[in-house]
Amino acid sequence: DKKNVRCLIVDGFVENVSEIDHLLNESNKTKNPMIIFSHGFSKEVIQTLKFNFERETLDIFPVKIDIEIDTINVLNDIAIICGGDIISSLKGNTLTFVKYEDIPVIDFISCVGKNITINNSKSSQRSELQLQEILKQLNKSDNEFIIKSLNNRIKSLTSNVVSIKIASDSEIQNIKNIEKIDLALRVFKSVLKFGVVDVKKIIHSIKNNFMKEIIENTYKIEKIPAFTFASATKLGIDLVNNIISINSIVIKD
């Protein structure tokens, strides 16, 4: 875990130490940690960083981002969080001309295995705008691969996302557990968005004795999510209306 880390993002390979030599010198002077995201690093670069890290003359951590279909999106999202830009030859950028003081400093970074967590309060607004743009793309797409990719990006950009892994002895039990957790999460989401209602107070305020009796017999708890209550009550009313309508037709016949 590191605080106040400079974050350099490179859309390409770091081939030679000479490309980043000026950055290494400045990092050595300031003693500030740095992380470099890139598609790859030559052995020369890795060995130099490793040697100086062990000597405690540099605190620079290289991170390889594999080249995949949505890699550019991954780099772009990292740049959004870090509050900087991607160094890319396609934009006419070269590592040689990158100024050390222009590399953004993030609040906190944690690297555990293959998981990297970045916290940067300064980029919260940019992150929110990026999330809104991704959600727009998600709502317009019906392609399974694109939807999966966009959902992964949303998870990466959202600080309050939790991945739940379920393991059980049988596939049937696993499905049942997933259904229960899914229902619980939907209930929590409903409560957070719409709140809860006091069933007793609602029953007391209803003047129609028929409806009052239905609700009393349906809900045996004092509190219930507002959305659930509204949906279930509407469903019940629609059902009663359908029965009355059908009975009326029978009577007329």
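## Exercise 1: A helix and its faces

Just after helix α2, Glu56 adopts a positive phi of about 65°. The structure is a predicted model.

**Task.** Determine whether the span of α2 agrees with its number of residues.

**Solution.** 

Step 1. Helix α2 covers residues 43-54, which is 12 residues.

Step 2. The expected span is 1.5 Å times one less than the number of residues. For α2 this gives 16 Å.

**Solution.** 

Step 1. Identify the residues concerned: Val45, Leu49 and Asn52 are buried in α2.

Step 2. Look down the axis of the helix.

Step 3. Recall a general rule. An α-helix has 3.6 residues a turn, so residues three or four places apart point the same way.

Step 4. Find the partners of this face. The buried residues of α2 pack against β2 (13-14), α1 (17-30), β4 (40-41) and β5 (60-64).

Step 5. Consider the other face. Turned away from the buried side of α2 are the exposed residues Lys43, Gln47 and Glu54.

## Exercise 2: A buried charge

**Task.** State which contacts the side chain of Arg6 makes with backbone oxygens, and whether Arg6 is buried or exposed.

**Solution.** 

Step 1. Locate the residue: Arg6 belongs to strand β1, residues 2-11.

Step 2. Classify Arg6: this residue is buried.

Step 3. Turn to the backbone. The side chain of Arg6 reaches the backbone oxygen of Ile103 at 2.7 Å. A polar atom of the Arg6 side chain also lies 3.3 Å from the backbone oxygen of Tyr100.

Step 4. Complete the surroundings. Beyond neighbours within four places in sequence, the contacts of Arg6 include Pro33, Met34, Ile35 and Val105.

## Exercise 3: Salt bridges

**Task.** For the pairs Lys2 with Asp59, Lys64 with Asp66 and Lys122 with Asp107, give the distance and describe the setting.

**Solution.** 

Step 1. Begin with the total: the whole structure contains six salt bridges. Side chains of opposite charge can pair when their charged atoms come close.

Step 2. Lys2 and Asp59 form a salt bridge with an N to O distance of 3.0 Å. This pair links distant parts of the chain, 57 residues apart: Lys2 is in strand β1, and Asp59 is in the loop between α2 and β5. Lys2 has a relative accessible area of 36% and is partly exposed.

Step 3. In the salt bridge of Lys64 with Asp66, the closest N and O atoms are 4.0 Å apart. Lys64 is exposed at 56% relative accessible area, whereas Asp66 is partly exposed at 44%.

Step 4. Lys122 and Asp107 meet in a salt bridge at 3.2 Å, N to O. Lys122 lies in the loop between β8 and α4 and Asp107 in strand β7, so the pair ties together parts 15 residues apart in sequence. Lys122 is exposed, at 58% relative accessibility, and Asp107 is partly exposed, at 25%.

Definitions and conventions
Residues are numbered from 1 along each chain as its sequence is written. This is a predicted model: local features need pLDDT of at least 70, side-chain atom pairs count only at pLDDT 80 or more; totals for chains, interfaces and linings use all residues. Side-chain values use heavy atoms; hydrogens and water are left out. Helices (H or I, at least four residues) and strands (E, at least two) are DSSP runs, numbered from the N terminus. Buried means under 20% relative accessible area, exposed over 50%, partly exposed in between (1.4 Å probe, protein chains only). Lys and Arg count as positive and Asp and Glu as negative; His and the chain ends are not counted. A salt bridge is a side-chain nitrogen of Lys or Arg within 4 Å of a carboxyl oxygen of Asp or Glu. A polar contact is a pair of N or O atoms within 3.5 Å; within protein, one must be able to donate a hydrogen and the other to accept it, and residues adjacent in sequence count only if both atoms are side-chain atoms. Contact means heavy atoms within 4.5 Å.
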